[in-house]
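Me: I'm new to this one, so could you walk me through it slowly?
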Amino acid sequence: MGQAGARYVPQQNPITIRQLLTHTSGLSYGFYEDSPVEQMYQDANLSDPDSNLQEMIEKLSGMPLLSQPGTAWRYSVATDVLGRLVEIISGESFDRFLKTRIFDPLGMDDTAFYVAEDKLDRLASVYGPSENGGIEKLDNPGVNRYKKPLTNFSGGGGLTSTASDYLKFCQMMLDGGAAKGGHLLAPKTVELMTANHLPDDLMPYSVSEVGADFSQGCGFGLGFRVILDIAEHGTLGTEGSYSWGGAASTVFWIDPVEELVAIFLTQFMPSSQYAIRSEFQIATYQAMVE
């Protein structure tokens, strides 16, 4: 037995890179309330902005997994673990690797892990429901952390950016990895990334504890939700489209069939409050007549 009634069993197999990319590694994020392991994540303060990825992984290595690797889908810090893996393989810090390999080649000049002082007036505020039924500006630690330099380069939720910068990244993906006369990724790499990698018994999956989070009829690729069955998905869209959303009700998707990139940036938390992302998707496809 472990903390608060947790029962530990030996890990059967090592975690694979594919499991990290598909959120099936057994790791978690710490915001669920269905296991004593979640409290361990909170107590460890994994997202400390003054820490770093190496220290974060060292903390994680001393904590139990929530499930055996490959047996369950759970949104998690796996993307942060992948950031540390990039550092080890490349020999560069994660922020430097992204800048030289992705941001600079794509001209993403406003994308970084913190907002420079001369750009702070452009940093959007976050809003949420107020007690009187309206909305109010939130003093959000998740935003405030980006107002000064930090050293914990989170792969899962660390970057600040703009709509125009994010469009450049999405356009590269839509174009099969092409960028400025060359390729950041091979077309077959993009195909592999945007194919479903989940077995049937791990679908549908859920980011929260309150529902399937718009994932009916969807699989998961190497970092993206992928629509597999439009009828089961139950809303307008295209099979083969891939996407993801953010905590402040943001969403993007890429539709290779329609040659469409959709980016919706808003600043409202929690994202479960109002289904604006699905309404945006429906309105987008309703507006297409040819």
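Me: Leaving out residues up to four places away in sequence, which residues does S243 touch?
Reply: S243 touches F224, R225, F252 and W253, where contact means heavy atoms within 4.5 Å. This is a predicted model, in which local features need pLDDT of at least 70, side-chain atom pairs count only at pLDDT 80 or more, and totals for chains, interfaces and linings use all residues. Residues are numbered from 1 along each chain as its sequence is written, and side-chain values use heavy atoms, with hydrogens and water left out.

Me: Is S243 buried or exposed?
Reply: S243 is buried, at a relative accessible area of 4% (buried is under 20%, exposed over 50% and partly exposed in between, with a 1.4 Å probe and protein chains only).

Me: Which strand holds S243?
Reply: S243 belongs to strand 7, residues 242–245; strands (E, at least two residues) and helices (H or I, at least four) are DSSP runs numbered from the N terminus.

Me: What is the strand order in the open sheet of five strands?
Reply: The order is 5-6-7-8-9 with antiparallel pairing, and two strands pair if DSSP finds at least two bridges between them. Strand 5 (218–220) and strand 9 (260–264) stand at the edges with a single partner strand each, so one side of each has no neighbour in the sheet.

Me: Which residue of strand 6 is opposite C218?
Reply: C218 stands opposite I227 in strand 6, and strand 5 pairs with strand 6 (residues 225–227) over three bridges in the antiparallel sense.

Me: Switching topic, what joins strand 1 to strand 2?
Reply: Four bridges join strand 1 (residues 126–129) to strand 2 (residues 135–138), and the two run antiparallel; G128 has E136 in strand 2 as its bridge partner.
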